[in-house]
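Thanks for coming. I will go through a few local features of one model, and you can follow along on the screen.

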Amino acid sequence: MSLKPIHVIGGGLAGSEAAWQIAEAGVPVVLHEMRPVRGTDAHKTDGLAELVCSNSFRSDDSSSNAVGQLHWEMRRLGSLIMAKGDAHQVPAGGALAVDRDGFSQAVTAAIEAHPLITIDRGEIAGLPPAEWDSVIIATGPLTSPALAQGIQSLTGESELAFFDAIAPIVHFDSVDMDKAWFQSRYDKPGPGGTGADYINCPLDRDQYEAFIDALLAAEKTEFKEWEGTPYFDGCLPIEVMAERGRETLRWGPMKPVGLTNKHNPTVKAHAVVQLRQDNALGTLFNMSGFQTKLKYGEQAAIFRMIPGLQNAEFARLGGIHRNTYLNSPKLLDPMLRLKADLRLRFAGQITGCEGYVESAAIGLLTGRLAAAERLGQPLDIPPATTALGALVNHITGGHIVTIDEGPRSFQPMNVNFGLFPHIEGVSKTGPDGKRLKGPAKSLARKQALTARAKVELEAWAGGEAAQAAE
């Protein structure tokens, strides 16, 4: 039996993962990517799954971290993104970070080599043709204006938008290691790491105060047509954080806890800037958490105020672009289809999830949903007790509707334990019989949530396999 292809629009992480899952289910797929025919403000190559911001997939701890649990679930379900991420990892403490070029090249090669995937390079200008009866739109926050307008014409309302900023990347050989040192926070190793995976640049109180003064006084990139657009709190520019209070950065990306300066171990740094390895060669490091909208001319001067970076050479300076996403709880059904046109599914950041892994996870799920639908095999969304299910629940309705005249409450969200249903029966005492308090109590709850999620995901995956075999 010859099956009609499913069309996937967008060759980012979500679209690439969706196409892979569809093809692996035995259904032909056409993956549409407009680059290089039409570029974007953030992409630099025409490779699939290009990472335009950080190179980190964040924590890989599946026992006590929500994104680590999502990693586990995606690996269990045969994720292409996780497989290539694992194959191209670079040291990053407790996180999974990847060589961005090697990762993108590996994803592109796998997609190109799959016999059931056809790549079509060109823009889909407007709504997909009517004859395409199953479409996944995974165009992300950089959706082309023509397609965005087509989507708006169906929904009758505008997408929300927010600013997203990119952190600078520094050449390693320009970092002064007589002032900086290698260490992961609390010496915690991660996948491919040693526990000494970040470059740490210490600031004393006077240096920190001077740095804050410079940030506040610096000239920023402004986009007047975007005024009133909210920032996503997980990717705030550092100068915006500084405007919220002089101590904000010390409690955020510049927090000094868990770090000891090997050059001066008896003196505690007032603040620390961390740089994370950005490529497999170890020649490039990105300034962790240092997304910025500072003008290019300001960036080099201000960042060279940081001890260890006084002679820094930048492979890429920070930048800013606009992100868009749907009011998904209103516009999408529980199977991630557009209520106004059920042939259209949405995946990735355009749905209102945030982060590389989350975007790819929704791509994985929509690919499986579309393939099962094409094959006549019913497939349910994973339980909300899993990381995948919790994320979908957020996207399709796990929020509180605003009751005042303020901005609507649905906002982009990383996966986190706050999205998981409450769990009963968590042990209140430790192995020593003493009552758990504070961090120990929180850790026990997190471990119980991930243990439950693994059981629930295995049960769901087993049921999925049984349905496919019938």
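**A helix pair, some loops and a buried helix**

Start with helix α3, residues 80-87, and helix α4, residues 100-113: their axes come within 9 Å and cross at roughly 135 degrees. This is a predicted model, in which local features need pLDDT of at least 70 and side-chain atom pairs count only at pLDDT 80 or more, while totals for chains, interfaces and linings use all residues. Residues are numbered from 1 along each chain as its sequence is written, and side-chain values use heavy atoms, with hydrogens and water left out.

On terms: axes are lines fitted to C-alpha atoms, for helices over the stretch in contact, with angles from 0 to 180 degrees between N-to-C directions. Helices are DSSP runs of H or I with at least four residues, strands are runs of E with at least two, and both are numbered from the N terminus.

α3 and α4 are therefore oblique to each other (under 35 degrees is roughly parallel, over 145 roughly antiparallel, 65 to 115 roughly perpendicular, and the rest oblique). Which residues make the contact? On α3 they are Leu80, Ile81, Lys84 and Gly85, and on α4 Phe103, Ala106, Val107, Ala110 and Ile111, contact meaning heavy atoms within 4.5 Å. They divide into 7 nonpolar, 1 polar and 1 charged; Ala, Val, Leu, Ile, Met, Phe, Trp, Tyr, Cys and Pro count as nonpolar, Asp, Glu, Lys and Arg as charged, and the others, Gly among them, as polar.

Next, backbone angles. Most residues other than glycine have a negative phi. Ala49, in the loop between β2 (29-33) and β3 (56-59), has a positive phi of about 55 degrees. Ala49 is buried, at a relative accessible area of 0% (buried is under 20%, exposed over 50%, partly exposed in between, with a 1.4 Å probe and protein chains only). Asp187 also has a positive phi, about 60 degrees, and sits in the loop between β10 (181-182) and β11 (198-203). Is Asp187 buried or partly exposed? Partly exposed, at 46% relative accessibility.

Arg250 is in the loop between α7 (238-243) and β12 (271-277) and counts as buried at 18%. Leaving out residues up to four places away in sequence, Arg250 touches Tyr208, Lys255, Pro256, His270 and Ala271.

Last, helix α11, residues 387-396: 8 of its 10 residues are buried, so it is largely enclosed by the rest of the structure. Those buried residues pack against α2 (66-76), α9 (328-331) and α10 (356-375). Just after α11, Gly397 has a positive phi of about 155 degrees.
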